[in-house]
Amino acid sequence: MTIAFQGVSVSRGIAIGHVHIIQHDQLDIREYQIRSTRLEDEIQRFNDAIANARQQLRAIRDHIPVSTSVDIAAFIDTHLLMLEDNALTEEPKRIIKERLCNAEWALKLQRDALVNVFEEMADAYLSTRQDDVDHVVNRILRVLLKQTPLLHEVADDHLKNKVIFADDLTPADTVMMQHYGIAAFATEYGGPTSHTAILARSLGIPAIVGLHNSLRFVKNNDMVVIDGSTGTVLVEPDKVILNHYEKRQREFKRYYTSLGRLKNAPTRTQDGIDIELMANIELPKDFDNVRDVGAKGVGLYRTEFLYMNRESPPDEEEHFETYMEVMKALRGLPLTIRTLDLGADKQVDGVGRQYGQSRSNPALGLRAVRLCLKEPELFRPQLRAIIRASAHGPIRIMIPMLTNMQEMQQVLMMIDEIKSDLDDEQIDYDHEIPIGGMVEVPASAICADIFANQLDFLSIGTNDLIQYTMAIDRVNDEVNYLYDPLHPAVLRLIQMTIKAGDKAGIPVAMCGEMAGEIEHTRLLLGLGLRQFSVHPASLLEIKKIINDSNVSEIKRLANKALKAKTGPEVQLMLKKKFPDTI
Ligand code: PEP
Ligand code: MG
């Protein structure tokens with residue numbers, strides 16, 4: 001029997017494949033007594049689990065692709081070393097003997113004891129060691145409990161063409177996915193603009209989130225269809241359904257291949273308005289895609305991915321070399337580097353933990369430019385590297401999450417200091433390097449005129465702008481239903497920002513997910529948007545819609561939309577006028 005689920009579509013396309021389940025849920029560890037005659041067997045079971053965990057780690061280390069950050073190897077070496085440490089290999093055996101308890105319980109008691117020691121040390125760095133203890137202990141526990149290892153705990157070739165089902169996936173998991181040739185993923189939690197979702201789009205694999213309770217109905221190796229366009233999952237499809245989706249999969253492929261002919265065409269509306277279409281990038285593999293789809297440059301380079309899965313932040317040289325590498329791949333196209341936006345939804349294993357991410361309400365806390373200004377040792381090396389790299393190609397600096405002008409002034413002062421240091425050191429840089437800011441908080445959209453008068457460009461980050469306007473945590477699936485790019489408040493803030501930019505004579509782009517959603521392209525053109533920055537995977541589709549549009553015709557519709565009372569009302573207007581894209 002075929003079972004169907006409906007979730008929230010976050011990355012389009014059709015995938016057909018076998019399920020691989022990953023569950024991060026707390027492991028259920030219970031104590032039970034063992035007879036003294038079984039003591040040796042229990043100790044042997046524990047020794048075998050340690051050996052198995054070691055084998056898993058070595059297999060992963062041997063499969064790390066050369067393009068991966070070296071720190072991932074260091075991460076795994078640390079875990080291998082921990083598996084040699086008596087605290088984890090011998091002490092649990094002592095507990096088994098003393099309490100005559102099962103190996104899982106003994107390991108849990110030892111884990112708690114170790115974590116208590118770390119907590120008492122109250123040292124930010126050592127608190128990251130707690131995570132390492134948990135990673136290693138959980139790996140051993142999963143072997144003891146005969147559970148499937150987590151995504152990043154298995155060597156790559158197991159997962160080729162699999163459809164990953166998980167309760168949730170961290171961005172770090174998703175980054176690892178690019179190496180595994182995964183066909184698609186589906187999660188119980190997560191929102192459409194979570195970083196995991198954004199990464200799925202950039203990897204170009206279909207993905208669905210918000211599939212509550214689905215894990216109760218699928219098992220490993222079930223055959224599934226993932227329709228990333230509608231958010232539908234079909235488990236064990238019958239022959240008729242399968243044929244239908246195989247046909248749709250072929251059509252989808254044909255459609256994408258046909259878009260290829262637009263690669264070198266100008267991005268120009270039917271009434272002759274030129275639009276700048278740029279790309280968003282985050283992972284090294286995206287660099288080449290920018291040219292492949294004919295983007296006019298990079299409108300958003302998310303640099304927090306440089307900080308992922310590692311123990312210490314990158315230094316100035318690593319930043320510099322990375323930017324030089326990106327510029328090499330771009331061969332002269334302009335590059336907009338968004339400075340570090342760590343915190344809230346952008347959690348990274350290891351280094352991020354050191355920078356105050358554990359408070360409640362993280363989305364309203366110390367993230368992005370706020371964190372950077374508080375931790376100049378994190379910010380300064382990045383700014384210096386960007387400014388140095390500007391001597392070698394067209395670079396723009398983009399500051400995320402601006403809230404008030406004082407913040408911006410602090411950043412501008414820091415940039416001036418760096419420039420003056422570089423002058424002293426006789427290091428070359430672009431003295432006119434453009435500095436812009438992201439409009440992601442209603443405060444900066446409402447006061448966009450103030451920012452526009454001080455900056456060289458603005459870019460609207462709708463993922464955050466919608467989160468903060470609607471007061472919904474973008475990764476909380478329980479409030480997903482309030483995520484509405486067409487809400488009159490959102491449309492008005494977008495229009496205010498575009499107008500402020502026009503008045504000050506500076507460009508305004510949009511680099512949030514809304515810019516890459518085909519159902520919104522025409523409305524954004526009508527609201528006056530002339531620069532879009534989208535994932536390379538959706539760029540040609542957006543170009544097609546722009547090239548088929550007539551701005552003077554849509555302007556009237558945009559004005560009507562601004563007067564609408566609700567998002568669905570706007571959606572209906574769009575649907576009536578453009579039935580093909582909704
Ligand atoms: C945004 O908020 O729209 C944006 C582009 O930034 P990020 O998704 O990285 O927070
Ligand atoms: Mg943002």
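Predicted model: local features only at pLDDT ≥ 70, side-chain atom pairs only at ≥ 80, totals over all residues.
Residues are numbered from 1 along each chain as its sequence is written, chains are lettered from A and ligands numbered from 1 in the order in which they are written, and side-chain values use heavy atoms, with hydrogens and water left out.

The protein chain has 22 helices and 16 strands. Helices (H or I, at least four residues) and strands (E, at least two) are DSSP runs, numbered from the N terminus. Of the 582 residues, 57% count as buried. Buried means under 20% relative accessible area, with a 1.4 Å probe and protein chains only; exposed means over 50%, and partly exposed lies in between. Contact means heavy atoms within 4.5 Å. Among contacts with a separation of 6 or more, 70% come from residues 24 or more positions apart.

Eight strands form a closed barrel, in the order E9-E10-E11-E12-E13-E14-E15-E16, with parallel pairing. Neighbouring strands of this sheet are turned by 25° against each other on average, direction ignored. Two strands pair if DSSP finds at least two bridges between them. Strand E15 (residues 508–510) runs parallel to strand E16 (residues 531–534), and 2 bridges join them. Met510 has Phe532 of E16 as its bridge partner.

Helix H20 (residues 536–548) packs on the sheet and touches E9 (276–281) and E16. The direction of H20 makes about 165° with that of E9. Such angles run from 0 to 180 degrees between N-to-C directions; axes are lines fitted to C-alpha atoms, for helices over the stretch in contact. In H20, 10 of the 13 residues are buried, so the helix is largely enclosed by the rest of the structure. Among them are Pro536, Leu539, Glu541 and Lys543. The buried residues of H20 pack against helices H9 (239–259), H10 (286–292) and H19 (521–526), and against E9 and E16.

Ile494 sits in helix H18 (residues 488–504). Ile494 is buried, with a relative accessible area of 0%. Beyond its neighbours within four places in sequence, Ile494 is in contact with Ile460, Thr462, Met510, Met514, Leu524 and Leu527.
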